[in-house]
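Colleague: Before I rely on any of the labels attached to this model, I would like to go through them with you and hear what stands behind each one.

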Amino acid sequence: MTDPTIPPITEDDIANYLANTPDFFERHAGVLAAVQLSSPHGQRAVSLQERQAEMLREKIKGLELRSAEMIRHGQENSAIADRLHRWTRELLMTRDTQDLPLVAAREMAAQFNVPQVAIKLWGVADDFSGQSYAQGASDDVQAFASSLPRPYCGANPGLEAAGWLVDPGAVASLALIPLRAGEGQDAFGLLVLGSPDPQRFAADMGTEFLERMGDLTSAALSRLRP
């Protein structure tokens with residue numbers, strides 16, 4: 001007769017006992033051989049040892065996939081670093097200051113495979129005020145650029161800055177990167193990246209790399225300011 005004062009043994013009690021009694025199956029080897037579990041790869045029953053082997057194989061497969069993913073990310077990061085190096089080198093090799101915005105835009109399109117790139121600056125030194133990149137940015141665009149705490153990424157809703165691109169009608173996604181001489185300062189320019197791919201500059205994408213590109217572009221183009 002069961003004693004009602006003694007709580008029944010639960011599955012957790014059994015699991016804890018087996019986990020804390022590693023020599024149980026050594027003393028009861030027949031139980032270990034007799035245990036049958038359902039296989040995740042069908043309806044057949046398998047032994048405990050075989051099930052453990054399957055779990056180990058699945059774990060190894062998962063580790064292999066993670067390793068392959070890490071290698072892929074490493075290769076992608078290395079490729080990005082190479083492109084950034086080539087882009088930066090072209091800026092450093094540019095002797096004529098007035099050519100810097102043109103080189104920055106051209107090489108960004110070439111190195112990072114961005115279909116359309118445009119740069120507009122304002123408040124530049126008098127020597128550069130006649131250049132096309134120093135004209136055409138309205139007060140609204142300048143205020144908008146200064147209001148951006150980080151790059152804008154998303155669809156092309158017909159923003160004025162999109163009109164600076166060669167073919168704005170072909171642009172499905174945009175990245176607008178404010179150019180600043182220092183943190184917390186008003187923008188003195190705007191870098192515009194456009195793509196026909198609506199996911200290239202998606203609204204939920206990370207912007208760390210674009211922010212760094214903006215910092216480097218800002219540093220290079222600061223030479224055009226008074």
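Colleague: What makes asparagine 113 count as exposed?

Modeller: Bear in mind throughout that this is a predicted model. Asparagine 113 has a relative accessible area of 60%, and because exposed means over 50%, the residue is called exposed. Its place is in the loop between H5 and strand S3, the latter covering residues 116-121.

Colleague: What is there to note about phi of asparagine 113?

Modeller: Phi of asparagine 113 is near 55°, which is a positive value in a residue other than glycine. Most residues other than glycine have a negative phi.

Colleague: Why is H5 called roughly antiparallel to H7?

Modeller: Helix H5, residues 100-111, and helix H7, residues 208-221, pack at an angle of about 155°, and their axes lie 10 Å apart. Angles over 145 degrees count as roughly antiparallel, so that H5 is roughly antiparallel to H7. The crossing in which H5 passes H7 is right-handed.

Colleague: Which residues make that contact, and how do they divide by class?

Modeller: On the H5 side the contact is made by Leu100, Pro101 and Met108, and on the H7 side by Met213, Thr217, Ala220 and Leu221. By class, the contact of H5 with H7 has 6 nonpolar residues and 1 polar residue, with no charged ones.

Colleague: How do you know that arginine 106 and glutamate 107 meet in a salt bridge?

Modeller: Their side chains come to 3.1 Å, N to O, and because the cut-off for a salt bridge is within 4 Å, the pair qualifies. A search of the whole structure finds 1 salt bridge.

Colleague: Are the two partners, arginine 106 and glutamate 107, buried or exposed, or partly exposed?

Modeller: Arginine 106 has 48% relative accessibility and counts as partly exposed, because that label covers values between the buried limit of 20% and the exposed limit of 50%. Glutamate 107 has a relative accessible area of 10%, and since buried means under 20%, glutamate 107 is buried.

Colleague: Why does threonine 207 count as buried, and which residues does it touch?

Modeller: Threonine 207, in the loop between strand S6 (187-195) and H7, has 14% relative accessibility; buried means under 20%, so threonine 207 counts as buried. Not counting residues up to four places away in sequence, threonine 207 touches Arg150, Pro151 and Cys153. Threonine 207 and tyrosine 152 are 55 residues apart in sequence, while their C-alpha atoms are 8.5 Å apart in space.

Key: Residues are numbered from 1 along each chain as its sequence is written. This is a predicted model: local features need pLDDT of at least 70, side-chain atom pairs count only at pLDDT 80 or more; totals for chains, interfaces and linings use all residues. Side-chain values use heavy atoms; hydrogens and water are left out. Axes are lines fitted to C-alpha atoms, for helices over the stretch in contact, and angles run from 0 to 180 degrees between N-to-C directions. Helices (H or I, at least four residues) and strands (E, at least two) are DSSP runs, numbered from the N terminus. Angles under 35 degrees count as roughly parallel, over 145 as roughly antiparallel, 65 to 115 as roughly perpendicular and the rest as oblique. A crossing is left-handed if the near helix is turned anticlockwise from the far one by less than a right angle, and right-handed if clockwise. Contact means heavy atoms within 4.5 Å. Ala, Val, Leu, Ile, Met, Phe, Trp, Tyr, Cys and Pro count as nonpolar, Asp, Glu, Lys and Arg as charged, and the others, Gly among them, as polar. Buried means under 20% relative accessible area, exposed over 50%, partly exposed in between (1.4 Å probe, protein chains only).
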